[in-house]
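Please keep the model open as you read.

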Amino acid sequence: MVEITEVSKRFAAVKALDGVSLTVNRGEVVCLIGPSGSGKSTLLRSINGLEPIDKGTIKFEGIDVHGRGTDIRKIRQRMGMVFQSFELFPHMTVRANVMVGPEKVLRLPVAEAKVRADLLLAKVGLSDKADVHPAKLSGGQQQRVAIARALAMQPAVMLFDEPTSALDPETIGEVLNVMKRLADEGMTMVVVTHEMSFARRVADRIAVFDRGRIIEVGPPAQIFDHPTVQRTQEFLSHLGWDAISNAQF
């Protein structure tokens, strides 16, 4: 579904991405891990065209995302994006936040958009919050609304950019559980995360980033139990392997 080939991106003197190549197959969950500033979020934002690239290609369902003739709006309609900050509209109710995309972009009738929104709010466990405004929700609840809003566009792939990094420890689990259910249902997902227990439990493959490059790709058992690259071993050791292997969400 996503084919990334030799992608490079520079911010002034900093090489954020340095010849990155990766594929994401339909129905697959790929987690991107590695130190902060190693290029993970830059790659994710490049996949849906939020960040331009200097070299290489990114294809989504065979279409060159950064090609001159590409209608990036149509590409983004097929990609759900969930950010670190929730990016909800504060003046709208929870239900209205979820309805706005289908109404304004997909041109669904209001009644149909409302039914879709209510089904998705039930899916993320927030039916009772449909008529309140985001400011009255916890961080975890706001992030679940953001997930429902992305799903309302019926995307082919979901992109998560460190979706739990702004949450307190008590609400991280509720967001990760929603994401796990999506994975279990077969949603294609690319997830930038520092939650190693989630990556181990949910990912089909894990890509390890360091200094703008992917240094190792493999299934969780390989990455966590038998990493082949010294830098991967150092990264995991720095996090504390016992905490990772015993963590639950």
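In which kind of crossing does H3 pass H4, left-handed or right-handed? H3 passes H4 in a right-handed crossing. This is a predicted model.

**H3 with H4**

- Helix H4 spans residues 110-123, and the axes of H3 and H4 come within 8 Å.
- The two axes cross at roughly 125°. That angle makes H3 oblique to H4.
- On the H3 side, the contact uses Val94, Arg95, Val98, Met99, Pro102 and Glu103.
- On the H4 side, these residues meet Val110, Ala113, Lys114, Arg116, Ala117, Asp118, Leu120 and Leu121.
- By class, the contact of H3 with H4 has nine nonpolar and five charged residues, and no polar ones.

**H3 with H5**

- Helix H3 covers residues 94-104 and helix H5 covers residues 139-151.
- Their axes lie 7 Å apart and pack at an angle of about 25°.
- Angles under 35 degrees count as roughly parallel, so H3 and H5 are roughly parallel to each other.
- The crossing of H3 past H5 is right-handed.
- H3 brings Val94, Asn97 and Val98 to this contact, and H5 brings Val145, Ala148 and Arg149.
- The residues of the contact of H3 with H5 divide into four nonpolar, one polar and one charged.
- Val94 and Val98 of H3 meet residues of H5, and Val94 and Val98 also meet residues of H4.

**H5 with H6**

- Helix H6 runs over residues 169-184.
- H5 and H6 pack with their axes 8 Å apart, at an angle of about 20°. H5 and H6 are therefore roughly parallel to each other.
- H5 passes H6 in a right-handed crossing.
- H5 makes the contact through Gly140, Gln141, Gln143, Arg144, Ile147 and Leu151.
- H6 makes the contact through Thr171, Glu174, Val175, Val178, Met179 and Leu182.
- By class, six residues of the contact of H5 with H6 are nonpolar, four are polar and two are charged.

**The largest pocket**

- The volume of the largest pocket is about 520 Å³.
- Its lining has 18 residues. Arg76, Met79, Met81, Arg149 and Met153 lie nearest the centre of the pocket.
- Helix H2 (72-77), strand S6 (79-82), H3 and H5 each give two or more residues to the lining.
- Ten of the lining residues are nonpolar, four are polar and four are charged.

Note on methods
Residues numbered from 1 in each chain as written. Predicted model: local features only at pLDDT ≥ 70, side-chain atom pairs only at ≥ 80, totals over all residues. Heavy atoms only, no water. Axes fitted to C-alpha atoms, helices over the stretch in contact; angles between N-to-C directions. Helix = DSSP H or I, 4+ residues; strand = E, 2+ residues; numbered from the N terminus. Parallel < 35°, antiparallel > 145°, perpendicular 65-115°, else oblique. Left-handed = near helix turned anticlockwise from the far one by under 90°. Contact = heavy atoms within 4.5 Å. Nonpolar A, V, L, I, M, F, W, Y, C, P; charged D, E, K, R; others polar. 1 Å grid on protein atoms, 1.4 Å probe; cavity = no way out; pocket = protein on both sides within 12 Å on 5 of 7 lines; lining within 4 Å. Points joined across faces, edges and corners; volume = space filled by probe spheres on them.
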